[in-house]
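Dear colleague,

Please find below the sequence and structure that I am handing over to you. My findings follow directly after them.

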Amino acid sequence: MTYSNALAMGRQQTTMRGQNSVSFRVQDKRLGPVSNTIVLIVLACLLGLLYLTQVTKTNAYGYKINSLQQQQASLQQQHDDLTVASAREQSLAQVASSPEAAAMTPTTPSGSVQ
Amino acid sequence: MNPQPVPTVDPVQRVRVWYALLIVLFGIFALRLFYLQVIRHDYYKKAALSDQLKQYSIPAERGTISAQLGDSTVPIVLNQKLYTLYADPTVVKKPATVAAKLQPIIGGNVDDIKDQLSTKGTRYVVLQKKLTAAQSKRILSFKFPGVGTLEQDYRTYPQGNLASQLLGFVNANDKGEYGVEQALNHELAGTAGQLKAVTDINGVPLAASSDNVSTAPVNGSNVDLTINIGMQAQLERIINDENKTLKAKSINALIMDPYTGAIKAMANTPSYDPANYSQVSSADVFTNGTTSNAIEPGSIVKLLTTAAAINQGAIGPDSTFYDPGSWTIDGATIRDASADGDTSGTQSIGSTLNLSLNTGATWMLMQMGGGQINAKARNAWYDYMTKHFRLGLQTGIEQGYEAAGYVPSPQDNGAGINLTYANTSFGQGITATPVQMAAAIASILNGGTYYQPYLVQKVTTADGQTTVHQPKVLERNVVSPQTSQDMVNLMEYVIQQHIKEGFGYLNFGGKYNLGGKTGTAQIALPSGGYDPTHFNGTYAGWIGGDKPQYLVMIYTDKPQVLGNAGTSAGQLIFGNIAHMLVNDFEVTPKSH
């Protein structure tokens, strides 16, 4: 059984020689076993609560990370789509059929095979 | 009357009872928790993790493929995320309404979509494939029950069908098939990453879990090809245009730098759309004929025979001989198939190549044996074919399904080996692919170095490390520099003679040098013997100034032409290619 050191002090009172001896006794104020248990449970609960708040707070970052990753994937997809669109616009078939190509003046070829 | 004393319960005693009960209760809890958390720890941890721990594979992005465009590169194979639209007909409500809303976005017929949405006995129907992200988003905004989209990675080809056989495709299992995609599948594919994480009910990984394992994917390497995109497009246009009249079963053509082995263009017809590879009627169209079509090349092999005989000292470039018009070997008669009629009489090495004399090529082989086809001639010629010109061996070019071809053993098998070897001297009885022939002929034009043909110019890994391909020498001293110069001159002579004979399209007014050799090859039948009515037309040619700049190799499979297929089909295509190269690709003129 655990006692509080402060409350146990009363038991250490002594009398000096020649001094009128008057019996005094401070009534012990001790926490009983139930109180101790309750205090410990409350402390454990507080610790648990603290742990849960911290873990929840940390895990909330999971959502933030997930959201950022989705945003990154979305931007990457946009980038890929734009790269494909750009490559298609620059494709030989597209360039050949462009108004700019149609407006060009043909050069004289070296010859052709009949 | 004294009242009976009421029995009292000592309050301390009562507290003690409750206290004892509490202790017992806590004791039971403690024991139970000890049992669950300590003794059954592993079991429950495993059970919890099986529910909470999710394992995701993070796919690596496949590398892109680019081609040369001037001093820069242009992508010809890219990746794109597209969406498959699916529906669960058992959940879809009001199919007619849903179909009417979907049709303007996905196209097709409203009734067909409605029928699909009303399909009985299935919970999964695919309504459309390859939808864009915008289309997918629009469809999902309707929030139709039982209708969803599935994201999928696709290879996309901005240049359409261009170089399709050379590129290959990626199959449904993300594996490269044919072409560069197959040959470099490992480099292009990369390595998938992995995420093992404890997740919440929404599947979002919990950041605080110590059980999380995350391995980032390593994306595939990007590949730059040696292919010049403009030259490739023009080569494809030429063979497609010409085949409208030639009506060949297929045409394979390539343009190579004879001084490095770099392939500048490599084309086949018929072709296919790699983005819709599953819609082809025959898988034959997937193969790149320039690297896998090993056939009897015909008379273009006479270039190799001539080079071997000159290099061995058996003949000289100016040698002459009496052509009897035919040779009898192992009881069989070898004749010329020349369109110029009887060629008997005195012939030169130049006329042997110009008139494509089988008797002349046979005579050269005889000279390698001291005047007759014997073991010495066979062994010497076999040595040149396999060790100098590397026939019968894969070149190692970065293509799937490259063929090795076939060279018969020189050992006397008791079944007319001398006749077989006489046939090989003019390109029958052996098989070789266009790229094998191109690499071999390049080695006799560039001074005698056999460069490995290659398609990959540069590989850049995901972390930016670049490897630039350097030309790889597989054989040195294939022929001497003098023999090489003799062969350049002899091939020029053939072109000059053809110009005189009326093939004016080979005339560039003396500004450039051209060399060439036709081949009209008999086609072996699976049942034995040769097809009496059809021939393959082949051609080996080059164009340049003071030295060969571009080497061209052409195989045409059964062109529907009259006369000599090598001339009517092969040389015709070469002429077009030569003009294309002069017009658009800066062929260096002669210095004098």
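Of the 114 residues of chain A, 3% count as buried in this predicted model. Chain A contains three helices and zero strands, so that its elements read α-α-α from the N terminus on.

Regarding confidence, the average pLDDT of chain A is 77, and 68% of the residues score at least 70. Within chain A, helix α1 (residues 33–89) has the highest confidence, at a mean of 90, whereas helix α3 (residues 99–102) has the lowest, at 78. Please also note residues 1–11 of chain A, where pLDDT stays under 50. For this stretch the model has eleven contacts beyond four places in sequence.

The contact between the two chains involves 26 residues from chain A and 27 residues from chain B. On the side of chain A that touches chain B, the elements giving two or more residues are α1(A) and α2(A), the latter spanning 92–96. Helix α1(A) provides the largest share of that side, with 16 residues. By class, this side of chain A comprises eleven nonpolar, twelve polar and three charged residues.

Turning to chain B, there is a division into domain 1 (78–160) and domain 2 (228–273 + 287–584). The C-alpha centres of these two domains of chain B lie 53 Å apart.

The largest nonpolar core has 124 residues. Those touching the most other members are Leu254(B), Leu365(B), Ala438(B), Ile441(B), Leu551(B), Ile573(B) and Ile577(B). Helix α18 of chain B (residues 565–584) contributes the largest share of this core, ten residues. As for Ile577(B), its contacts are Leu235(B), Ile238(B), Ile255(B) and Val552(B), leaving aside residues up to four places away in sequence. There is also a second, separate core of 14 residues, and among its members are Tyr83(B), Leu102(B), Phe144(B) and Val147(B).

One further helix of chain B may be of interest to you. Helix α11 of chain B (residues 302–312) is mostly covered, with ten of its eleven residues buried. The buried residues of α11(B) run from Lys302(B), Leu303(B) and Leu304(B) through Thr305(B), Thr306(B), Ala307(B), Ala308(B) and Ala309(B) to Ile310(B) and Asn311(B). After α11(B) comes Gly313(B), with a positive phi near 85 degrees.

Yours sincerely

Methods
Residues are numbered from 1 along each chain as its sequence is written. Chains are lettered from A and ligands numbered from 1 in the order in which they are written. This is a predicted model: local features need pLDDT of at least 70, side-chain atom pairs count only at pLDDT 80 or more; totals for chains, interfaces and linings use all residues. Helices (H or I, at least four residues) and strands (E, at least two) are DSSP runs, numbered from the N terminus. A residue is buried if 20 or more other C-beta atoms lie within 10 Å of its own, exposed if 12 or fewer, and partly exposed in between; C-beta atoms are placed from the backbone. Domain bounds come from an automatic or database domain assignment. pLDDT is the predictor's confidence in each residue, from 0 to 100. Two residues are in contact if their C-beta atoms, placed from the backbone, lie within 7 Å. Ala, Val, Leu, Ile, Met, Phe, Trp, Tyr, Cys and Pro count as nonpolar, Asp, Glu, Lys and Arg as charged, and the others, Gly among them, as polar. A nonpolar core is a set of buried Ala, Val, Leu, Ile, Met, Phe, Trp, Tyr and Cys residues joined through C-beta atoms within 7 Å.
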